[in-house]
Amino acid sequence: MSAHLTGYTGDPRIRWTEWLPWIVAAAAFFLLPEYLALGVRILIFILFALSLDLILGYAGIITLGHSAFFGLGAYVAGCLSAKAGVSDPFLQLAAAAGAAGVLGVLTGAVILRTRALTLLMLTMAITSILLETANKWTSMTGGADGLSGVTVAPILGAFKFDLFGRVAFIYCLVALFVAWLLVRRLIYSPFGAMLTGMRENTMRMHAVGAPVYMRLIAVYTISAVMAGVAGALLTQTNQFVGLNVLGFELAGEVLVMLILGGVGRLYGAFIGPVVYLIAQDYLAKQFPEYWYFGIGFILVLVVIFAPGGILGLLDKIRLRRRAV
Amino acid sequence: MILYVISVGLSVTMGLMGFINLAHGVFAMAGGYVFATSLGRLGLPFPLALVAAFLFTALLSIALERLLYSRLYSAGELAQVLFTIGLIFMAVAVARALYGTLAPPVFLPDYLRGQVHVLGRDFPTYRVFIIAFSFLIILGLWFGVERTRWGAMVRAAVDHRAMAQSVGINTRLLFTLTFALGSGLAGLGGGLGADIIAVQPSYPFEHLVFFLIVVALGGLGSLRGPFIAALLLGIADTACKYWVPELGAFLIYAATIGVLLWRPMGLFGTRV
Amino acid sequence: MKISKLAIVAALALASSAAFAQTIKIGFITSYSGLNGNLGPYMERAVRLYIKLHENELPPGVKIELITRDDTGPNPDKAKQLAQELVVREKVNLLAGVVFTPNAMSIAPIATEAKVPFVIMNAGTAVITTRSPYIARTSFTLWQSSYPLGQWASKKFKTGYTLVSDFGPGHDAEEGFTKAFTEGGGKMLGNVRVPLQNPDWAAYMQRVKDAKPDTLMVFIPAGKTATAVMKNFAELGLDKAGIKLIGPGDITTDEELPNMGDVALGVTTMFHYSAAAERPANKAFVAAWKKEYGANETPNFLSAGSWDGTAMIFEAIKQQKGKLNPDKTMEIFKSWKFADSPRGPISIDPETRDIVQNEYLREVRKVGGQLANVEIETFATAVKDPWKELQKKK
């Protein structure tokens, strides 16, 4: 799956179209107040998908174990609050980010020496270990019952999470914005260029003398931190953590979201979750059995016929228009 | 040990064909369902039910291979991974629609129930049967791959497809048949294990990790490898649960990571 | 002219009837997919059946709208999101359902914040009802069945062992049983907790066998897991070794019994509901169920919990004449008594908002060629949740 060429050779200045997602988000906040809970979920998953995109799309590392970082972040934030009584939201975020980052560095150093199947296997094994730990360490994580009693102090002392999800929405939006800025900077830098290089042709990168291994660990860690923050956000907005944050079904779903949007593209991570979660919100309730089947079917179709996802399709249409 | 029978199919397809088929569990599940239905509703005797599981799954895999898999032989690993995950989703939905979320009941014939007395300890008859059966399978497969023309052709085609084709080997047909064999074995395993590992729609997801562990540990492209890996894993898992139940499956994963780091190609792998 | 007058009269008539028509919206969250996803329909069917058979009892102009949602298994954040949407978007008057404990726990704060009464029709961990003053439970708690079981077992067996799934209800069952068993003079040889998702029981069973207890108390989630445990119990020869298998009724649920085969014969359980119960209210219930859903279908304890929960909701609607006030509804719930439940006389404990019911000792026997949970005796009447009772004493 090759990425579109707007990556590293593109102009790093922000195009006007790139402001669209934020405008849409702001509009949603004012126009659709009853759907903000869904909106929060979408924002969190965009962040998660973004972190996965970095690793999968830009660095070309196939992993099914990203929920390890997501889940770790979620549980760290939760346990810090429920067990240690720390309810300051930013402290919780920082702790989650830190823990995920440490896990990212440690596991990255170990597994990034391997490739393909072994790498995939190891990512799954690591996630499984975390899942087992969370499952067994009932006193800390609540085990299969989940961790309730997570309290989050009002943000900046004034904004408490409300039933409608207004505060949560803004909170996650800001977090996503910051992440987006960071990722953008990363992609449009020489670092980003090297990432694409590593994905397209690893051997050549080695030959050119690029510190491939170290860079891989770096991007893996950054991606892990982002995923961890996304997980913490989920815990904070729900005031609850369950075992499913570490499950493979969630990892699979995020993967589908990303592929749907277009892997290797910055905005693939934006479009995918939006389309997926909105469709799920509506369709999964009407036809629960068909939803699951439909998702698999679409994934297969996308893989075979439209490997670039929605963004890829849009590009093709644009190119065809230009050619005509 | 059921893990072995199922995983050897995966080792065959992945090792010999280089295709990352995460949906292997789907074939095992399909075999399991067919087996249970044949045994229960259709009332077939045990051996026939097993054969039915094998045949049905093999045929199913041929259909899927022709229609879908073959398009992706040259696509990247990511595409294969994604595609097979998509397959899993679809299969899970179909299984749920057809069978509901309950596992179908499996009624073993009387001669396989109860216990046998071996070396002073009682062992469940069925499990002994499975171990023996798995052993037979590995013998059969090894013989097939190492000693027959078919096996030689497969090995040639995998090593260098273009060369094999130029020598006149029909690689298309070969791959299809090999895939069918691998998937049929999975179906057989699913059926055999249906009594112990419940066959339900979430089957492919739940046990994916285990299949992959067995294959990765055993080493791709090897037949002995997954067998030994499954044996070791089975013993270690049972031992852990017996002595230290608090650790649960923890040890298995830790051990996997350890072994894979020491030997990234698995215990007996010939290729990554 | 005439036409327009007719039109005006018609419009007025419509408008006035619309003013009387009131829809009570119930947000029903349960599991239709995922782990044990087959259980959701047992609950929904019971609710719909009750509504169908009793809707003529509602005050004139009052209708019930049941909005169902799938929480896809033990997924607390999904359940919470669904509850939030039901309250904010659909503006439901009541929340109901829930198979799994974690889901119930995560929904509790929403019930409190939005002041929406939440009727729990299955989730059985004791502590749930303390999480929100707007929760009332019509199903059961694990202590309610395990504690009396332990009392009974301590008179019959000297040594015991427990094997439970490692989550809330499992812990409750283990603690409840162990406490009663040891209080009654029995000796516990060991307790083992098994992860919720577990493919292979052999090692655990072997451990139990080697310890040689007189009885083994098992708790696992109702459904297919129970069948697997039964089979392993027999396969490893524990029954031949003289160990008697007992547990709360979840291990021999009515809808799964046919799949267990003869292995389950003789298993003794303690529970509040059996589809084979002889009392008239239950016979009517089962008959109505079969008539509506098919002769091969049987209700189970989830159906009973949901049926009674709906009855309780109806009571609240009737008393308030269709205009539901949350606090008044909770008052009505707290003082609710129902003598005609399929499981015998039940009521809600006003202090804890939890169910009070009889516990029956049952044995699996063949009735008319089919396996059934035959109620041998009414072991305890009007049992309040023992865990909360014990907390009070502290």
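## Contact between chains B and A

In this predicted model, 39 residues of chain B and 32 residues of chain A take part in the contact between the two chains; two residues are in contact if their C-beta atoms, placed from the backbone, lie within 7 Å. On the chain B side, the elements that give two or more residues are α4 (77-99), α9 (203-218) and α11 (250-262). Helices (H or I, at least four residues) and strands (E, at least two) are DSSP runs, numbered from the N terminus. The largest share, 17 residues, comes from α4(B).

By class, the side of chain B that touches chain A has 31 nonpolar, four polar and four charged residues. Ala, Val, Leu, Ile, Met, Phe, Trp, Tyr, Cys and Pro count as nonpolar, Asp, Glu, Lys and Arg as charged, and the others, Gly among them, as polar.

Residues are numbered from 1 along each chain as its sequence is written, while chains are lettered from A and ligands numbered from 1 in the order in which they are written. Because the model is predicted, local features need pLDDT of at least 70 and side-chain atom pairs count only at pLDDT 80 or more, whereas totals for chains, interfaces and linings use all residues.

## Contact between chains C and A

The contact between chains C and A takes 26 residues from chain C and 20 residues from chain A. In chain C, β2 (62-70), α3 (76-88) and α4 (101-114) each supply at least two residues of this side. The side of chain C that touches chain A has eleven nonpolar, seven polar and eight charged residues.

## Chain C as a whole

Chain C has 13 helices and 14 strands. Its radius of gyration, taken over C-alpha atoms, is 22 Å, close to the 21 Å that the globule rule gives for 394 residues, so chain C is as compact as a globular protein of that length. The globule rule is 2.2 Å times the number of residues to the power 0.38. The C-alpha trace of chain C spans about 95 × 50 × 35 Å along its principal axes.

Of the 394 residues of chain C, 58% count as buried. A residue is buried if 20 or more other C-beta atoms lie within 10 Å of its own, exposed if 12 or fewer, and partly exposed in between, with C-beta atoms placed from the backbone.

## Two domains of chain C

The domain assignment of chain C gives domain 1 (2-140 + 280-353) and domain 2 (143-271 + 358-393); the bounds come from an automatic or database domain assignment. The centres of the two domains, taken over C-alpha atoms, are separated by 30 Å. Their contact takes 16 residues from domain 1 and 19 residues from domain 2. On the domain 1 side, α2 and β12 (344-348) each supply at least two residues. That side has six nonpolar, nine polar and one charged residues.

## Helix α10 of chain C

Helix α10(C) covers residues 280-293. The buried residues of α10(C) are C:Asn282, C:Phe285 and C:Trp289. They cover an arc of only 60° around the axis, which puts them on the same side of α10(C); the arc is that of the directions from the helix axis to the C-beta atoms. These buried residues pack against α2 (39-54) and α11 (301-319) of chain C.

On the other side of α10(C), C:Pro280, C:Ala287 and C:Lys291 are exposed. C:Gly294, whose phi is positive, near 120°, follows the helix.

Terms used
Expected span 1.5 Å × (residues − 1).
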